[in-house]
Amino acid sequence: MPHKTFFAFILPSLIAMVLFIALPIVSVIVQSLHVEHARVLVEVESCQPFGGCTTETRVDTAAMAELRAEKPMGQFNGLGTYLNRGHLAVNEIGAILASNNGFGDIATRIYNLPFYKALSFTLVFCFVVTPLAMALGFAIALAVNALPKVTKGPVIFFSLLPMIITPLIGSLILYWMIQSNGIIGASLQHLFNDPTLSLRASPVLTWASLLFYGVWTNAPFSFVVFYAGLQTVPGDTLESAMIDGASRWERIRFVIIPHLAPLATFVALVQLMDNFRVFEPIVGFSAEANATSLSWLIFNDLSGDAKLFGSAGATSVLTIVGVIVLLMPVLIRTWQEFNHKVV
Amino acid sequence: MKLMLKTTVSLGVLCLTAGTAFAACGIEGTGSVRILSNDFEALRLVNTTASECAADGVTVAANATAEHKNLQVPALSINPAEYTVAVVANNSIVPLLNDDLIRPLDDLVAKYGAALQPNQLIKIDGKTMAIAFMGNAQHLFYRKDILDKAGIAEPKSYEEILAAAEKIKADGLMDYPLAASDKPGWDLAAEFVNTYLGTSGEFFAPGSAELAIDNEDGLKTLENMKALTAYMDPDYLTFDANGIQAEYKAGNVAMMVQWGSLAGDMLAGEGAAEGVVANTVLTSAPTIAGGTTPAVALWWDGFTIAKNISDEDAAASFQAMVHGISPEMVAANPTVATWLVAGFEPGPTAVGVIATANAGARAYPMQPYMGLLHTALSAELAEFMAGTEDAATALADVKAAYDTAAKEGGYL
C-alpha cells in the first residue's frame, strides 16, 4: 500500500485518537501542574436559624474573580502536587527514612501515607488476581473444550455470567452474601464456630474477599480468549503426541501451553491494565477502611464539597505512569517476539 | 411493587390535596423556574408545591437528585444558569458562595417575602443569601422496652449511653446494643464533627484556615467514637445511616444517634420487627464529657437563587419557592419535616430535632474550608476506627491531609 493511501486510510482514527485520547491526557497533565489561587479571605457576619449571628470567614469573591480572569488555570505549582503528602510524599518518606525503629516501622509509616496505601492494594490486586484469573480461565476453557457438544452452549453462557454482570452489582451481591447474616458469612461463622467472625471487619479478610471477587469477575475474559485459542491447536500434533504415549497432562504442558503462550501474553497485558484500575469492588464492598486503590483516590478527590482537580490530575498521571511501568516487561517481550519472527 | 404502588397512590393523593387545599400561586410577571434539589421526601414535596405556580408564561421544572452537590457549581456557573433555584444546606451553600454563583435576595424578600419569618433568612455580610425552610439534626433514638428491662433511665450523655450499653450487654438483652453511621467517607467524618461540636472546641484558629482540632477535645472525641464501637456489630465500619436504620428496625440495636429526617421512616415502621416502633423514643442528642451542648451538628435546608439568570426568572423563581414553602403546605404536611415555617406544629417525628435545637446544639460550620476538613476526616479516621492506629496519629494524619488539601485549594 502506498504511504499516502495508508495515511488517508488511518487518518479518521488518528484524528479521533488525538481528540479523545491524547488531548484529554494533555489537559489532565496541565491541570495536575496547577493549584487554586491563594484565596482572599474576609471576616463577615453571618446569621443562621440556629445560634444567631456570628463572625465567620468567607472568600472574597470579587477579588477572586479578578485573579481568575488574569490566570484562569490557577497558580502554577510545578511538580508540587506530585511531591506532596497526598501523592509521592517525598518529604514524609525522607523524614521516615531519617529516623525510624527498623524495617517494620518504616513499612507501617509509609503504608500510612494515602498514596502508598492505595498503591499497595492496587499492586497486590494486580499480581494476585491476574495470574489466578488466567489459570482459572484456562482451566475452565480446557474443561469446556472436553464437554460433549450439546452441553457446551449452556456451560459457556454460565461461565460468562460474571463478566456480563455489572461490576458494581456483582460486588454488591457478593458483599451482601458475606455479611454476618448473609449465606456465606453465616456459613463461615457456623463452620468456624465463631459468632464474631466478620469478613468485613478484618483487613486481611477484606483483602481476601476483594481478591476472590477479582478472580471471579476476571476469569471469564481469560476463558473466552483461551477457549478460542484451543480451537486452533493443531490436531495432528496432539494425535502424534498421543501416539508417542503422552498423557493428558503432558499434552497440555508440551503442546497446548506453548501454542497458547502468545495469547497468554495478550491476556496478561489486558488484565494487568484492567486490574490496575480496580475501583468498583472497593465501593461495592464498602472496603474504604481497609483497602483503597489509585482510582479510588481520584474518585475521593473529586467527590465531596471541595473538589481537588489538581490532586486528582496528579494521581491520574501517576496511574498512567504505573500502567506503563507494569506493561514494560510484556511490551519488551512482545517486541522481541516480533523481531524474532521477522528474522 | 406493593411499596411502589403505595407510594404512587399516596403521592397522587398528596398532589390532589395540595392542588385543592392551597391558595392559588399567582406569580407576578413571567419567567422560567428551574429547581435543583437533593432527593428526599420533604424536598420533593416543596418542589411539587412550587410546580403549582406553572401558568401562562411561567414554566416550572424540578430536578431532585442525590447528585445535586456535584451538579450545582457547573450548572450555575454558565450564563444563563441551567437552574434558577438551588436548594442547599449549611455545607452545600459554601461552594456556591465561594464562586459567587447566587444572588442576594433582600429586594425579593421585601417584595414577595411577607410570609417568611426573620429567622428563615440566612444572612451573610448583612445580605440575605438563602431562605431556610427546614431544620435537621441527628439525635438519639432508643428502645424504651430494652432500657426498662435493664432498669436504666433515658441517657442524656455519651457516658450514660456507654454505661447503659454495658448493662444491656451484661444482662444478655442484646449483643450489640449500639449503632452509629461509622462508614468511612462522609458519614464517619460527620460523626467526628458531631462529637467535636459537643466539646467546646473550635475547628479552626479564629480568622484563618489553620486547623485546630489537634488538642484534648479532638482526642476526647476520638476516644468516645472508639469506646462506642465496643458495643457495636463488628461490621460497624460498613454501616451508613441507612444501614443502622435497617439494623435498628430489625430489633438488633437499643440506642443510636440517627438523622431526624429518617424519624418519619422509622415511625412509619415499614419492614420493622414486632414491637420496635412502638417502643422507640426520640429525644435530644447526648452531650459529652460533662458538657451541656448536644454533640451533634444542626442543619438547615433552604433555597438560593442563581446569579446568572434574568431578573424576571429570579422574581418568578423566588415567588414559586415562597409558594412551595408556604404555611398552608406546612400545615397540610406537618410530619414530613421539621419545618422552620410560620405556624408549624411539631409532630411526633420532629420532637428529637426540636429537643436537640432547644438544648443549644451548634450549627454545622460554614467556613469555606470546612469541606476540605470533612474530606480529610472521611479518609484518615478509618484506620483509627478499625483499631490499627492510635488517636494521636489519626489526628496528626487528619491535619497533614487537611494541610495538603488546603494548600492545593489556596487556603493556606
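This is a predicted model: local features need pLDDT of at least 70, side-chain atom pairs count only at pLDDT 80 or more; totals for chains, interfaces and linings use all residues.
Which residue of E4(B) does A:Cys47 stand opposite?

1. The pairing across the chains. A:Cys47 stands opposite B:Lys123, a residue of E4(B).

2. The contact between the chains. On the side of chain B there are 51 residues in contact with chain A, and on the side of chain A there are 44. Several elements of chain B each supply at least two residues to the side that touches chain A, and among them are the strands E4 (121–124), E5 (127–143) and E9 (297–305), together with the helices H15 (370–380) and H16 (382–386). The largest share of that side, 6 residues, comes from H17(B), a helix that runs over 391–408. When the residues of chain B that touch chain A are sorted by kind, 25 are nonpolar, 17 are polar and 9 are charged.

3. The two domains of chain B. The domain assignment divides chain B into domain 1, made of 11–136 + 299–350, and domain 2, made of 137–297 + 356–408. Their centres, taken over C-alpha atoms, are separated by 30 Å. Domain 1 of chain B brings 14 residues to the contact between them, and domain 2 of chain B brings 15 residues. On the side of domain 1 that touches domain 2, the elements giving two or more residues are H4 and E5 of chain B, and both of these are also among the elements that supply at least two residues to the side of chain B touching chain A. That side of domain 1 holds 6 nonpolar residues, 8 polar residues and no charged residues.

4. The overall form of chain B. Chain B contains 17 helices and 11 strands, and its C-alpha trace spans about 65 × 55 × 35 Å along its principal axes. Its radius of gyration is 22 Å, which agrees with the value near 22 Å that a compact globule of 412 residues would have. Of the 412 residues of chain B, 53% count as buried. If one takes the contacts in chain B between residues at least 6 apart in sequence, 75% of them join residues at least 24 apart.

5. The overall form of chain A. Chain A has 15 helices and 4 strands. Why is chain A described as more spread out than a compact globule? Its radius of gyration is 27 Å, which is well over the 20 Å that the globule rule gives for 343 residues, so chain A is more spread out than such a globule. The C-alpha trace of chain A spans about 90 × 75 × 45 Å along its principal axes, and buried residues make up 31% of its 343 residues. Among contacts in chain A with a separation of 6 or more, residues 24 or more positions apart account for 68%.

6. The nonpolar core. The largest nonpolar core has 182 residues, and those with the most contacts inside it are B:Val85, B:Ala86, B:Leu178, B:Met255 and B:Met256. The element that gives the most to this core is helix H6 of chain A (residues 114–145), with 12 residues. Leaving aside residues up to four places away in sequence, B:Val85 touches several others, including B:Val33, B:Ile35, B:Leu36, B:Phe303, B:Ile305 and B:Met321.

Technical notes:
Residues are numbered from 1 along each chain as its sequence is written. Chains are lettered from A and ligands numbered from 1 in the order in which they are written. Two residues are in contact if their C-beta atoms, placed from the backbone, lie within 7 Å. Ala, Val, Leu, Ile, Met, Phe, Trp, Tyr, Cys and Pro count as nonpolar, Asp, Glu, Lys and Arg as charged, and the others, Gly among them, as polar. Two strands pair if DSSP finds at least two bridges between them. Domain bounds come from an automatic or database domain assignment. The radius of gyration is taken over C-alpha atoms; the globule rule is 2.2 Å times the number of residues to the power 0.38. A residue is buried if 20 or more other C-beta atoms lie within 10 Å of its own, exposed if 12 or fewer, and partly exposed in between; C-beta atoms are placed from the backbone. A nonpolar core is a set of buried Ala, Val, Leu, Ile, Met, Phe, Trp, Tyr and Cys residues joined through C-beta atoms within 7 Å.
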